[in-house]
Amino acid sequence: MITMTGDRLSEMLDKLYRNGTEAIFFMDQKGGVVGMNPAAERILEVDVIERIQSGIDDSFCQTCEGYTDEQELMSCSRCYLNYPKGEFSSFQVYLRTRDEGVVPFAASYHTIDEERGIRVLMLLDLTKQLKTQEMLQRNHMLKYVIKAQEDERKRISRELHDSVAQELLSSLVDLRVLKYMNVSDDVLNKIQQTEQSLTRLLDDIRHLSVELRPASLDDLGLEAAFRSHFKWMEKNYGLLVHFSAELAAARYSNEIETVVYRVCQEAVLNALKYSGLDEVHVRLWEENGVLQLTVRDEGVGFNMFINEAQGTGLGLYGMRERAELVGGQFTLTSSAGAGTTVQLRVPLSQDVMQEGDRS
């Protein structure tokens with residue numbers, strides 16, 4: 001146990017009072033300010049301090065905007081200053097400050113001298129903590145929204161593939177049977193036209209199903225989903241994707257696979273739209289516990305210091321946000337005439353899942 005002499009303890013308490021970051025206000029029974037430390041003085045407007053020191057108005061109410069209670073975010077009802085015998089050990093109060101406007105503080109308010117009725121109000125600025133909390137809540141909400149979006153995409157994709165597409169295929173089979181029946185030429189021509197329309201519609205539905213959420217991503221993993229998607233891109237848009245994969249695991253967590261797939265999907269689509277070429281290079285590999293993706297084209301590129309990168313859908317902001325949700329790092333490099341490269345790095349830690357671990 002560490003002990004201090006009375007003088008040494010007084011010295012340490014004096015340093016805490018003068019140099020500490022926590023604001024300290026001493027108040028009388030009527031809520032008037034009778035003393036404050038330097039940290040408290042830095043909070044208040046100069047004219048408020050002058051009024052307090054001159055005795056014109058020593059009330060703390062002139063700078064207080066209320067406190068948080070069980071019913072309201074900011075309230076002056078049942079004010080803590082009006083309860084001199086009560087103990088307000090932990091609450092949140094809002095003050096008009098000198099430089100930052102209205103700021104939230106964690107507060108405690110209790111008696112230190114019962115005989116003279118002196119109480120102390122101690123305040124700790126919560127701005128940084130609240131911003132951190134807001135960011136954490138925002139990330140949780142964003143994760144929830146993206147998961148809900150992907151689940152709904154999966155549901156609609158499966159519904160289109162297993163129900164709508166199957167019904168259309170059944171109708172096509174019935175039409176093809178009619179062609180071999182004894183019908184007039186006019187009816188046969190109409191059947192053939194309808195068959196062609198239904199075939200195009202069936203292809204569109206299958207394409208939409210894959211774009212919404214490829215079944216191969218859920219059933220087989222990233223590499224299989226990429227190969228299927230790139231084959232579809234080449235068939236429908238003439239884009240040749242040079243793809244290589246060196247993965248140490250068969251599967252990864254659903255969240256990581258979704259992020260990597262969506263970022264790659266958007267990057268390849270942007271290359272198709274804006275590179276001016278019909279080739280793109282995609283590499284997916286794992287190294288030192290980090291899953292890495294590179295999407296590179298040798299097209300027209302753009303000046304990152306002058307022009308805004310073009311794109312729709314997820315866009316650069318969306319890709320970066322998705323990467324941050326899994327603790328990843330998203331970077332884009334480009335220059336006029338030298339192509340564009342998108343890079344994604346996702347730390348795996350314990351998120352790697354073997355194929356047998358999935359239900």
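Which residue stands opposite V33 in β2? In this predicted model, that position is taken by M27. Strand β1, residues 23-27, and strand β2, residues 33-36, run antiparallel and are joined by 3 bridges. Together the two strands form a hairpin in which 5 residues lie between them. Within the turn, G31 adopts a positive phi of about 85°.

The largest nonpolar core contains 37 residues, among which F226, V260, V268 and L293 touch the most other members. At least two residues of this core are supplied by each of the helices α7 (222-237), α8 (254-274) and α9 (315-325). The strands β7 (240-246), β9 (279-287), β10 (290-297), β11 (329-334) and β12 (340-347) likewise each supply at least two. Helix α8 provides the largest share, with 9 residues. When neighbours within four places in sequence are set aside, V260 is in contact with L222, F226, L284, L291, L293, L344 and V346.

The mean pLDDT of the chain is 81, and 87% of its residues reach 70 or more. Strand β10 has the highest confidence, at 95, whereas strand β13 (residues 352-353) has the lowest, at a mean of 46. Over residues 352-359 the pLDDT stays under 50. For this segment the model has 19 contacts beyond four places in sequence. Where pLDDT is low, predicted coordinates should not be read in detail.

How values were computed:
Residues numbered from 1 in each chain as written. Predicted model: local features only at pLDDT ≥ 70, side-chain atom pairs only at ≥ 80, totals over all residues. Heavy atoms only, no water. Pairing = 2+ DSSP bridges. Helix = DSSP H or I, 4+ residues; strand = E, 2+ residues; numbered from the N terminus. Core = buried A, V, L, I, M, F, W, Y, C linked by side-chain atoms within 4.5 Å. Buried < 20%, exposed > 50% of the residue type's maximum accessible area, 1.4 Å probe, protein only. Contact = heavy atoms within 4.5 Å. pLDDT = per-residue confidence, 0-100.
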